[in-house]
Amino acid sequence: MKRYFRELSVAAALVLLLLLLALFAPHFYELQPLLSRLTAQIPTLVLTLGIALVMLTRQIDISVGSQFGLCAVLAGLVSAGGHGLPVSLAAALGAGAFMGALNGCLVAWMRLPSIVVTLATMVTWAEVLRLFQQGKFVNLAPGVQWFGLSQLGGQLTLLGVGGALVALAAYLLKNTSGGRHVYAVGSDAEAARLSGINPSAVTFGVFVLMGTLAGLAAVLNLVQSPQVDPKCGTGLELKAIAAAVVGGVAVNGGRGSLWGALAGLLLLATINPALTFLHVEAYWEKAIQGLVILLAVIADGIRSRRNLN
Amino acid sequence: MRQPLLRLSQITKSFGAVRALKGVSFELHPGEVHALLGENGAGKSTLIKVITGAHQPDGGTLEIGGTTVSNLTPTRARKLGIACIYQQPALFPDLSVSENIGLRLEGGAFFAKVHWKQRRKNADALLARIGAALDPETPVRSLSMPEQQLVEIACALGSGAKTVIMDEPTASLTQVEQELLFGVVRDLRASGAGVVYISHRLEEIFALADRVTVLRDGQSISTRAVRSELGAMELTEEELISLMVGREVASIYPHRGGSPGETVLELENVCCAAGGIANISLAVRAGEILGLAGLVGAGRTELARVLFGITPADSGTIRLLGRNVQVRSPQQAVSLGIGYVPEDRRRHGVILPMPIAENMSMAVHPKLFPGKWLRFEAERALGLRFIEELGIKAYGPEAPGGSLSGGNQQKVSLARWLATEPRLLILDDPTQGVDVGAKSEIHRIIRDLAAKGLAVLMISSDLPEVLGMSDRIAVMRGGRLVETFEGSTATAQRVMSAALRPS
Amino acid sequence: MASLSPSLKKNVLRHESLLLLVLLLEFAFLCLYARNFGTPDNLSNVVRHSAEIGLLALAMMPVILTGGIDLSVGSLMGLCAVLFGVLTHDYHLATLPAAAVTLAAGLFAGGFNAFLITALRLPPLIVTLGTYSLFRGLAEAITQGTKTYRAFDPAFLSLGETRWFGVPLQAWILTAAAASFYLLVHRSTFGRSFRAIGFSPEGARYAGLSVQSRTALPYLLTGLVAALAALLFTARLRQARADAGTGYELCAITAVVLGGTSIFGGVGTLPGTLAGIAAIAVLTNGIGRVPAVFKAGIGGELASLLTGALLLVALAGPELARVLSTRSAKISPSPKTL
C-alpha cells in the first residue's frame, strides 16, 4: 500500500475528476468523442512509456518530440511513395532507433549529460525536418488511416495496441532481469557496475528503445488522420515528461512505475476536456499543465523530506 | 603446498602520470585471513580494484585458482569466486534488501525471469546466517550505514565466494555488529575460503589475521605471519607500524598541556529529535580537549551537527562564553566562533576540485573579503601561511584539494576553521582513514591549539586516541551522555564498558 | 584567473582558446563569402538581434555554475512582454511605470523558481520545466492565444533603434550586463560561492556558506534579466505577443555550454560565455548571407541546425579527444603480459 502510495493517489485524483465530470458534464462520456480523445492520447502514452524508462535510469530525453516529428514525416513520405503500412512502420522504427542510438552513444558511452545532449539533438532534428519539409503537410495514401479499417475498428485496434504495450512493458520491467537492471542503474550506477551490470549498455539500450518507441508513436499518430503535420511532435516531450513526473517517476532515477505514468497521463489528458466542459477557456491548458507538474514535484519533495526525518 | 586462491606478482598500474602500483606481489591461501596494511595512498584500494576486475593492471600477472587471468571484469571476477565488501556500501538505495542481494548474486541474462519468492527466501536465509534482524522488503534507503554494511556482507556470503575481500569493514560498525562480522570472518576461514582483510585498526589485525602484507608507496614491502604454528605472536604493533611508515614512530601521543581556563561551551539538557539526541549537558573549557567517545550511532556526530547548526536543537540551553545562544545555521555557528571539522572529509570537509587556498578562505569570506570583493593576494597569503604552519604537503595554495593525500586534506579542513580564529573547535574523527605519520602530526597540531587556549571537542572512534589525547572524556550511548571521566582516571576498559553497558 | 588551479586553468583555457579560434575562423569565412556581412551596419545588426539571447545567456551562466538550470527564461520573456502590453494598453500605464512593474514581475517570477528550488529543495530541471509551461501558459491565457499589443509609446519603440556614439543601445546594455556579471562571477564572494555550490552543495554548507540564499540569487537574476530582455524584444519588434522568446532558453543554454561552462556546475568563465554568445550570433546572422543559402531561403533553419550541431561538437569534442588520446597511449607503451 505504502509502496504504491503515489500511484494510488494519482489514480484517486483521476477518479475524482471523472466523477466530477459525470456529475457536471455527462456529455463527456458519449462514446465516440470519448473514444477519439482516448486514441488521441495513445501516441503520447507510447512516448511516456519510453520517457519513464529513460527517467528510471536517471536520464532525460527532451528530443522525443523532434524524433516523433521526423519519424512521422518519414513514415508519411514512405507511405505517400506507394509503400504499405508495414514499410512505413519499419522506416519510422528504424529512424527512431537511429536517433535514439545517437543520443545513447553520447550519453552512455561518452558520459555527456543527457539534458544537454538531447537539447542539442532536439534542435538539430527539428531543424533538419524544417529544412527538409519547409512546413508542408504530407498526404497519406488511402488505406493508411485507421489501418484501412472502419474508424471504430481502427480506434479499438489503437486502444488494444496501447493497452497491450503498457501491460507488456510493465510486466517485463517488473519481472525480468533486464527490467530490474533499469532500476539498478538509475538507483546507483556504480553499485550496478560492481554487481556485474553494464550501466552504459543499459542506458544505451533505454535510449534506443526510447527512439524506437518514438517511431512507433509517430505511426500510431499517423493512422489517425489523412495527413501528416510536420509540427505534430512539438511540445510532446513536455507532455510525456509531465505525465511521468505526475505519475510518480522520480527525476533522480530508480523509483516509479509504468502504471503510475499511465495514471499521470490520463489525469493530465482529462484536465483539458474537463476545463472545456466546466466552461474554463482552453487557453489555460499549458498553464494548468505547468501547475500540475509543480504540484506533483512539490508533493514528492515534501514526502521525501518527511521520510528523511 | 596447496594451490593458492590468488597469486599476484609484480602488478603495476598507473593513472596518467601517477604510478599507483609499482610492483605488488601477494598470495592468498585457502583457509587464511590475510591482512593488507598500508598508509593511505599506499595502493590498497587500487589493488582491490585490480583483484575485483574494476581496474586492468598495466603489468604483472594475476593468477586465480592457479590459472593466469587477463582482462578480468567484475562479472568474471565474481564467477571466479571473488567477492568484495566495500568500505562504502555499494547498494541500490531505491531497491529492497532482497532485491539488492538478488541483483548482486543472480546477474541473470537480460530476459531471465525474476523469481521474487525465491529471492525473498534466499535473502531471509542469508540475513539469518549473519544474525542480522532486517526485513528483506525494506528499501535500503531507510537503513542505517551499519545495516547497509550487513547487507553487503550477506551478499558476499551468498555468492559462495572462495575469496572474500573486506575493505575496512568495521569503519562504520558498532561493537555488536563488529562481533557479528568477526564471527563471519572466522566461519569463512573454517570453511576453507580465503579472506583479504583491510583495516587501519591494528588490534583487529592481531585478533583476526594469519598473515599480514604491508604496502608502501605502491609496493609490497613485506609479508609476515602474525602467529607462529603454535599460536604465539610473532609480530608486534611497533614492528608493524615501522614497516608501514618505513621509520620508527617515536612517541605516539603528545603530552598534555597546562590547566584549563574559563568555560567556553556549556550545554544544558540539549535535545534534538531529528538527530536522536536528548538531555545532553556538558562543558568544555578553554585550553582543554574534551574527548567524546561512544559507538557509531551513539549520537556523537549528531551532537556536533546540533552545535554547528546543521540540525538545530529543539530544546535546552547552549551557552557560549557564559552567554545564552541559539545556533540555527552553520553561518551563525561560524559567527559565534564555532568551527567544525566534519567526519566525511571528502564530501563535507574539503571541496576537492577547488584550490586549497579557496577551501581555507571559505569560512572567512566576510573577514578576508570585506565588501564582498575577492582579494586574491590576501587569499594566497592565507593559503601559504597554513601550508607552512600545518606542514601541508602540496605544490602550492593553488593545488586542488583532491590532489592531496587524506591526511593533508584533513589539515586543509582544519586550516579552514583555524582561519576563523574560533573559540570552540569541534573535531569529528579527525584521524579516521589518515595514515600513521599524518595522524601523529594532526595530534600534535590539536594539542598545540589547546595549549594556545582553544576549547576542543574531539569525537573519536579510536579508543587509544581518545585516551591519549583527551583531558576529559565524555561517553555517549543511545543519544545520551552517560558518563564523564577525568583523563587520568579513564582506562580503555572503563570507557568501553560505559559505551557498551545496556541501559 | 589568478585564482584558478593550474590544471583547471589549462582545461579552461584550452576550451576557450579553441572556441575563440572557431569564432575567428567563422568570422573570417563569413567576411569572405557572405554578402554584406562585414559592414558596420550589419555588425551592429548582429548585436541588436542577439541582445536578448545574449542577456539571457549571461544570466544563465551563474545558474549553470551552481549546478542548476533555468528552462523557464524564454517563457518568462513571453509572459513579461504580454504583461507590459497589458499594463500599457488595458491599464493605460505610462511606459516607465509599466516597465518598472514588468521588471518587478520578472524578479518575482525568478523568486518563485528560487523559492521552489532552495526552500523546498526541488530539482531545478523539473521546477523550471514546470514554470516553463506555467509562464507561457499564463501568457497565452492572458492573450487568449492570439492577441498582439502594438500601440506603444514612440519613444519606447525608438529604443530598438537608438544609437549612442554610433553604437546601438543594445550593445551598451549588453556590455554593462557582461561587466556586471563578470564582476559578480569572477571578482566577488558570490561567484566563489556559486562555484563551491556547483562543485558540492553539501561541502559549501559545511563550510558555513549560506547555500540557500546564494543558490537563489542566480534565479532571481535570470528572472530580472528575462523581463529586461522582454522589454528590449518588444521595442525591437514593435509588438508584444505571448510567443515572445520561444526557444530562447535553448539558445542561452547553448551559448553558456559552448562557452565552456560545465553543465555539472563549478567550472566555467564569463568571457567563455561571451565567446559562445558571439559564435551563435555571428552564425545566425551570417549564414543566411552566404549566397547559396540565401538563394534557398533557409538561413534561419540552417543557423539553428548548425547551432545544435555546434553544441554537440562542443560537448563531445573534448570527450572524444580524451578517449582517443588514452587509446593511443594504451597502444604505445611497454609490452604487457595481459
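## Where chains A and C meet

The contact (heavy atoms within 4.5 Å) takes 37 residues from chain A and 41 residues from chain C in this predicted model. About 3,600 Å² is buried between chain A and chain C, with carbon and sulfur atoms giving 81% of that area; buried area is the accessible area (1.4 Å probe) that two parts lose on being put together, summed over both.

Across this interface the rule finds 1 salt bridge, a side-chain nitrogen of Lys or Arg within 4 Å of a carboxyl oxygen of Asp or Glu. Glu140(C) forms a salt bridge with Lys286(A), their closest N and O atoms being 3.3 Å apart.

## A strand in chain B

Strand S19 (residues 472-477) of chain B is mostly covered, with 6 of its 6 residues buried, where buried means under 20% relative accessible area (1.4 Å probe, protein chains only); strands are DSSP runs (E, at least two residues), numbered from the N terminus. In a regular strand the side chains alternate between the two faces of the sheet. Arg472(B), Ala474(B) and Met476(B) lie on one side of S19(B), and Ile473(B), Val475(B) and Arg477(B) on the other.

S19(B) pairs (DSSP finds at least two bridges) in the parallel sense with strand S13 (residues 289-293) of chain B over 4 bridges, and in the antiparallel sense with strand S20 (residues 480-486) of chain B over 6 bridges. Leu292(B) stands opposite Ala474(B), and Ala474(B) also stands opposite Thr484(B) in S20(B).

## How to read the values

Residues are numbered from 1 along each chain as its sequence is written, and chains are lettered from A in the order in which they are written. Local features need pLDDT of at least 70, side-chain atom pairs count only at pLDDT 80 or more, and totals for chains, interfaces and linings use all residues, while side-chain values use heavy atoms, leaving out hydrogens and water.

Note on methods:
Buried means under 20% relative accessible area, exposed over 50%, partly exposed in between (1.4 Å probe, protein chains only).
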